[in-house]
Amino acid sequence: DDPGYASTVLFCGGCNFRCAYCHNPELVKAKAEAQARFSVDSILEFISRRRRFIDSVCLTGGEPTLQVDLVDFLRQLRSFNLRLKLDTNGSRPAVLEQLLAERLVDYIALDIKGPPDLYPQITGTAENENCGRATDLVQSILASARLVLETDHEYRTTVCREQLGLADLRRMQEAFPRPQRWYLQQFRDTG
């Protein structure tokens with residue numbers, strides 16, 4: 001999950017988006033008790049025992065920035081002197097700002113879902129009370145896109161023909177700051 005690095009990947013439960021093509025739908029609506037499959041101590045112990053064999057820890061989800069203890073957890077991981085990668089939907093730029101200010105991430109993969117006007121439709125947030133107004137959401141995504149420019153980063157976009165066409169991809173290029181890398185992922189229907 002972090003090309004060129006042997007990585008441990010940690011999946012966080014919960015997400016404030018409801019993308020129809022989500023590749024981890026079982027994590028999206030995970031209840032708090034179901035999320036806590038592993039304690040922080042057990043994860044840190046796991047990483048400590050494998051430290052000789054790994055270069056990187058990747059946090060993905062769901063949406064990791066929804067985790068209330070994310071900053072403290074990354075501080076603890078930083079003590080292992082490993083590369084830290086974060087996958088995020090960009091909906092919480094204040095969290096990204098703090099992580100960058102404290103140098104708690106080395107690489108950020110930001111999912112760019114579509115052109116700004118299609119965000120509510122693609123992310124299922126038009127009906128989602130946890131995301132606020134669509135214009136606020138889009139402003140948050142744009143703020144996150146500007147923030148990730150401060151570190152090593154990439155954008156990722158899942159291309160689902162029913163939602164995005166070539167004209168939409170061009171509009172995305174115009175709407176978002178130019179990234180270091182922008183990967184297009186083909187949608188795979190897993191049912």
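Q: Which residue takes a positive phi just after α5?
A: R103 does, with a phi of about 55°. This is a predicted model, and the value is computed from it. R103 is not a glycine. The residue sits in the loop between α5 and β4 (107–111).

Q: Why is R103 called exposed?
A: The cut-off for exposed is over 50% relative accessible area. R103 has 66%, so the residue counts as exposed.

Q: Where is N81, and what is its phi?
A: N81 lies in the loop between α4 and β3 (83–88). Phi of N81 is near 60°, a positive value in a residue other than glycine.

Q: What makes N81 count as exposed?
A: Exposed means over 50%. The relative accessibility of N81 is 65%, so N81 passes that mark.

Q: Why is D2 called buried?
A: Buried means under 20% relative accessible area. D2 has 2%, so D2 is buried. D2 belongs to the segment before β1 (7–12).

Q: Which residues is D2 in contact with, leaving aside neighbours within four places in sequence?
A: They are S7, S56, C58, R83 and K85.

Q: How do you know that the buried residues of α5 are on the same side?
A: Start with the list. In α5 (residues 93–101), the buried residues are P93, V95, L96, L99 and L100. They cover an arc of only 155° around the axis, so they are on the same side of α5.

Q: Which exposed residues does the face of α5 turned away from its buried side carry?
A: That face carries A94 and A101.

Q: What makes α4 and α5 roughly parallel?
A: Angles under 35 degrees count as roughly parallel. The axes of α4 and α5 cross at roughly 25° and come within 11 Å. That angle is under the cut-off, so α4 is roughly parallel to α5. Their crossing is right-handed. On the α4 side, the contact is made by L70, V71, L74 and R75. On the α5 side, V95, Q98 and L99 take part.

Q: Why is α3 called roughly parallel to α4?
A: The test is an angle under 35 degrees. Helix α3 (residues 40–50) and helix α4 (residues 70–78) pack at about 25°, with their axes 11 Å apart. The angle meets the test, so α3 is roughly parallel to α4. α3 passes α4 in a right-handed crossing. The contact joins V40, I43, L44 and I47 of α3 to F73, Q76 and L77 of α4.

Q: Which residues touch the most other members of the largest nonpolar core?
A: I47, L59, L74, L77, L99 and F176 do. This core has 47 residues. Helix α7 (residues 134–147) gives the largest share, six residues.

Q: What does L74 touch, not counting residues up to four places away in sequence?
A: L74 touches L59, L84, L99, L104 and V105.

Q: What makes the peptide bond from G61 to G62 cis or trans?
A: Its omega is near 25°, and the bond is cis. G62 is in the loop between β2 (56–61) and α4.

Q: How do you know that the buried residues of α8 are on the same side?
A: The buried residues of α8 are D168, L169 and M172. They cover an arc of only 100° around the axis, so they are on the same side of α8. What covers them includes β5 (152–159) and β6 (182–186).

Q: Why does A167 count as exposed?
A: Relative accessibility has to be over 50%. A167 has 52%, so A167 counts as exposed. A167 is found in helix α8 (residues 166–175). The face of α8 turned away from its buried side carries A167, along with the exposed residues L166, Q173 and E174.

Q: How many residues apart are A167 and P177 in sequence, and what is their C-alpha to C-alpha distance in space?
A: They are 10 residues apart in sequence. In space, A167 and P177 are 17 Å apart, C-alpha to C-alpha.

Conventions
Residues are numbered from 1 along each chain as its sequence is written. This is a predicted model: local features need pLDDT of at least 70, side-chain atom pairs count only at pLDDT 80 or more; totals for chains, interfaces and linings use all residues. Side-chain values use heavy atoms; hydrogens and water are left out. Helices (H or I, at least four residues) and strands (E, at least two) are DSSP runs, numbered from the N terminus. Buried means under 20% relative accessible area, exposed over 50%, partly exposed in between (1.4 Å probe, protein chains only). The arc is that of the directions from the helix axis to the C-beta atoms. Contact means heavy atoms within 4.5 Å. A nonpolar core is a set of buried Ala, Val, Leu, Ile, Met, Phe, Trp, Tyr and Cys residues joined through side-chain atoms within 4.5 Å. Axes are lines fitted to C-alpha atoms, for helices over the stretch in contact, and angles run from 0 to 180 degrees between N-to-C directions. Angles under 35 degrees count as roughly parallel, over 145 as roughly antiparallel, 65 to 115 as roughly perpendicular and the rest as oblique. A crossing is left-handed if the near helix is turned anticlockwise from the far one by less than a right angle, and right-handed if clockwise.
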